[in-house]
Amino acid sequence: MPITCRKCRSANAEVYIPYARLSLCPKCFLDFYVRRVKRTIEDFSMFTEDLTVGVAISGGKDSAALLHALHHAYPNLRLVALHVNLGIPKYSAHCQGKVEELAKMLDVELHVFNLYKELKIRIGDFEKTIFKKKICSACGTIKRHIFEELARKTKVDVLATGHNLDDVAGIMFNNFLYGHWDQLIRLKPVLPPLMEGFAVKVKPLIRISENENLLYCLYADVSFREIGCPYSKGTSAKKRTKDFNNLSKNNPYFRHQVLNRFLELIPMLENIHPKTVLVKCQVCGFPSSGSICAFCKRVLLVKNTIDNDLVV
Ligand code: SF4
Ligand code: ZN
């Protein structure tokens, strides 16, 4: 016999939210999701409606659900969609197509940074460098920097990313295991600007699982990418997720517990670990822990490798 939705008490329930013990129909699930995003934004004082919020969108379900939910939760908020085209054959064009489709559907301003057009490099070029086996690490550095740059160019006050509960809890757990305290601190829901003139970074989906994002996209008719990045196969991040998933298999609260305990721990860690002193990168002027930032080092490395290949 079908279960009735616990909220409206009329439609059939299709979704079960284990941590809230709620069976919901699609419409009530969409309301639940948007309210949860709003509540997270309020609980962590992420932003107010008079600010401009940039959303880093990749074409995947998490950031697509985030942009759509923010648009519905705050109809008067100035939202700007930001996207990086990484120059990965087939994949990047497909992702950009999905992003353009969503921005058009919501009538949201979209800014795309094309890595090849702007810098004459593609993510695949890192295969010829020492990052051959760590493409995602190089890609992460490149994307983080470009999103900061796009946020500055488009004058957004707050940069929102689609990090979900599974990502954040999994990475927190891993950083804890390996004692990467600085990286654990960086997983806070709200990160202050690196320097004056930079955006505040927020994670409004930090309490929402990957599965909930998927369901939101499906029920709200939000189209997202259907193909995977060719470099994602067998990465250590995927392996870590598998280990973490095994631990949380029999406990629906596990990820929430991990997140909550680490959020309690972070202020103590911040007291123990002195903040890294940042200076301006000599090449791009962005905040950096050394004289040349990680982004510029990687771009220079790739450009030199390409130039040497041309000479040979
Ligand atoms: Fe970049 Fe790795 Fe993600 Fe592909 S899977 S987009 S290379 S971080
Ligand atoms: Zn730099």
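Student: Leaving aside its neighbours within four places in sequence, which residues is Thr-141 in contact with?

Tutor: Ala-294, Phe-295 and Arg-298, where contact means heavy atoms within 4.5 Å. The model is predicted: local features need pLDDT of at least 70 and side-chain atom pairs count only at pLDDT 80 or more, whereas totals for chains, interfaces and linings use all residues. Residues are numbered from 1 along each chain as its sequence is written, chains are lettered from A and ligands numbered from 1 in the order written, and side-chain values use heavy atoms, without hydrogens and water.

Student: Why is Thr-141 called buried?

Tutor: Its relative accessibility is 12%. Buried means under 20% relative accessible area, exposed over 50% and partly exposed in between (1.4 Å probe, protein chains only), so Thr-141 counts as buried.

Student: What makes His-273 partly exposed?

Tutor: The relative accessible area of His-273 is 25%, which puts it in the partly exposed class. His-273 is in contact with Trp-181, Asp-182 and Ile-185, neighbours within four places in sequence left aside. The C-alpha atoms of His-273 and Trp-181 are separated by 7.9 Å, although the two are 92 residues apart along the chain.

Student: What makes the arrangement around the zinc ion (ligand 2) tetrahedral?

Tutor: Its protein donors are the SG atoms of Cys-281, Cys-284, Cys-293 and Cys-296, at 2.2 to 2.3 Å. Donors are N, O and S atoms within 2.8 Å of the metal (3.2 Å for Na, K and Ca); water is not among the atoms, so sites may look incomplete. Four donors count as tetrahedral if all angles lie between 85 and 135 degrees; four are square planar and six octahedral if opposite donors are over 155 degrees apart and all others between 65 and 115, and anything else is irregular. The angles here are 106 to 113 degrees, so the arrangement is tetrahedral.

Student: Why are helix 2 and helix 3 called roughly parallel?

Tutor: Helices (H or I, at least four residues) and strands (E, at least two) are DSSP runs, numbered from the N terminus. Axes are lines fitted to C-alpha atoms, for helices over the stretch in contact, and angles run from 0 to 180 degrees between N-to-C directions. The axes of helix 2 (residues 61-73) and helix 3 (residues 91-106) come within 11 Å and cross at roughly 5 degrees. Under 35 degrees counts as roughly parallel, over 145 as roughly antiparallel, 65 to 115 as roughly perpendicular and the rest as oblique, so these helices are roughly parallel.
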